[in-house]
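Reader: I would like to learn how to read the local features of a protein model with some care. Could we take them one at a time, with the general idea before the particular case?

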Amino acid sequence: IVQFSLVVKDAEKVAKRFSEIFGVSWKFYDLKPKQVVLHSKVPGEVGCHLKIAVGAFGGRSLKLVQPLSGPSSYAEFLQQNGEGFYTIGLGVLANHDEVAAALREAGISIEMQGDLGNGARFSVLGTAEALGGRIEISSPADQAEERCMRQIGELRPTGPAFVDMDKPVFSGGKKVNQVGLVVQDEKKAAKRFEDLLGINNWSFSYGPPGLSNASLNGKPVPESEMEGLDVAFANSWLGDIQIELIRPIGLRPGGCHQRFLDKNGNGIQHLSFGLQADYATVVEGMKKSGIGDEFFTWLKIESFGELLVSYLATQEQLGGFQLEILGNKGCQ
């Protein structure tokens, strides 16, 4: 996984907030792809116009896509779902056409495809139903210049960020180590990951049974409603990033995962930094920036002890982006 993308209403506004909170630098592009294919069909003569922002975040590329005009899957997503995670990017594939054709034979359509004008194409694959998230791939360019995309600006941090992305120093700073996808059926999605992309060795679990002291949007969850937070997990790895499939299973599900599923259906819910020694510093920095927890709990795991789990309520300020961070209980 080399990139994650978000569809946003205002790329500059979201990029500026990422810069203030995490110190991300951005480059902005104007993109008018040619030979656009939408849902495996050419949508006619109407052009597609997008504004793109690209920056580095947690060891991966982060792309913000703002639809400006014309038919596109990005505009459709924004209208149907609002701002949020859109694709998991697997980067440039030398066998792009073969991969797209093989997935098409396996029942995966092209949600959107476009020519960048330099010999390269990008393809957004309609894998949300099968995998819980869309996959994006591109083909190699045969020219250096991207004729359909021109840089129109840059943004660099103007002051210290609220979160120090360079810590912990010994591990190279904060890295994205997990992508969480909420799905209706984790076993079915795991099987499709194996069939389509060869990702296997899935582990399945229920619970977690050690959940306590939970809160949603800053309000404590009563003991009588704790069962509504229960989820089922399936976990495996693609390179150095864990894929976590999450399905709400409570008898009266009412947690953040169920809310996400009700609103979006299958989709990418969060990225995670995993366990961080400076958990308390990060959470405090986020609070100073005006961002609290959407979901918080204490979690007992035999191999780790008692962990603190926070889903930070970043969606409104960061274009639907959500971040998970974990800490040892002693970090509180």
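Reader: To begin with, in which strand is Gln35 found?

Author: Gln35 is found in strand S3, residues 34-38, where helices (H or I, at least four residues) and strands (E, at least two) are DSSP runs numbered from the N terminus. This is a predicted model, in which local features need pLDDT of at least 70 and side-chain atom pairs count only at pLDDT 80 or more, while totals for chains, interfaces and linings use all residues. Residues are numbered from 1 along each chain as its sequence is written, and side-chain values use heavy atoms, with hydrogens and water left out.

Reader: What is the phi of Gln35, and how should I read backbone angles of that kind?

Author: Most residues other than glycine have a negative phi, and most peptide bonds are trans. Gln35 has a positive phi of about 50° although it is not a glycine, and with a relative accessible area of 64% Gln35 is exposed (buried means under 20% relative accessible area, exposed over 50%, partly exposed in between, with a 1.4 Å probe and protein chains only). Asn213, in strand S13 (residues 211-216), likewise has a positive phi, near 50°, and Asn213 is partly exposed, with a relative accessible area of 47%.

Reader: Which residues does a cis peptide bond join?

Author: A cis peptide bond, with omega about 0°, joins Lys167 and Pro168. Pro168 lies in the loop between strand S10 (149-155) and strand S11 (178-182).

Reader: How many residues does the largest nonpolar core have, and which of them have the most contacts inside it?

Author: In soluble globular proteins, nonpolar side chains tend to be buried together. A nonpolar core is here a set of buried Ala, Val, Leu, Ile, Met, Phe, Trp, Tyr and Cys residues joined through side-chain atoms within 4.5 Å. The largest one has 60 residues, and those with the most contacts inside it are Phe18, Phe22, Phe57, Val179 and Leu245. Its largest share, six residues, comes from helix H1 (residues 11-22). A second, separate core of 19 residues includes Leu31, Ile52, Phe122 and Met149.

Reader: What is Leu245 in contact with, leaving aside its neighbours within four places in sequence?

Author: With contact meaning heavy atoms within 4.5 Å, the partners of Leu245 beyond those neighbours include Leu131, Leu181, Val183, Phe193, Trp202 and Phe233. Glu186 is also one of the residues in contact with Leu245.

Reader: What kind of aromatic pair do Phe18 and Phe57 form?

Author: A pair of aromatic rings is described by the distance of the centres and the angle of the planes. Rings of Phe, Tyr and Trp (its six-membered ring) pair if their centres lie within 6.5 Å, and planes under 30 degrees apart count as stacked, over 60 as edge-to-face and the rest as tilted. The structure holds 12 aromatic pairs. Phe18 and Phe57 form an edge-to-face pair, at 5.8 Å centre to centre and with 75° between the planes. This pair links distant parts of the chain, with Phe18 in helix H1 and Phe57 in strand S4 (residues 49-57), 39 residues apart. Both Phe18 and Phe57 are buried, and they belong to one aromatic cluster together with Phe22, Trp26, Phe85, Phe273 and Phe321.

Reader: Over which ring does the charged end of Lys51 sit, and with which side chain does Lys51 meet in a salt bridge?

Author: The charged end of Lys51 sits over the ring of Phe28, 5.9 Å from its centre, the criterion being NZ of Lys or CZ of Arg within 6 Å of the ring centre and within 35 degrees of the ring normal. Side chains of opposite charge can pair when their charged atoms come close. A salt bridge is a side-chain nitrogen of Lys or Arg within 4 Å of a carboxyl oxygen of Asp or Glu, and by this rule the count comes to 10. The side chains of Lys51 and Glu12 meet in one, at 2.5 Å from N to O, and this pair too links distant parts of the chain, with Lys51 in strand S4 and Glu12 in helix H1. Lys51 counts as buried at 15% relative accessibility, whereas Glu12 counts as partly exposed at 42%.

Reader: How many disulfides does the structure hold?

Author: A disulfide is a covalent bond between the sulfur atoms of two cysteines. The structure holds zero disulfides, the criterion being a pair of cysteine sulfur atoms within 2.5 Å. For Cys48, the nearest cysteine sulfur, that of Cys148, is 11 Å away, and Cys48 is buried, with a relative accessible area of 3%.
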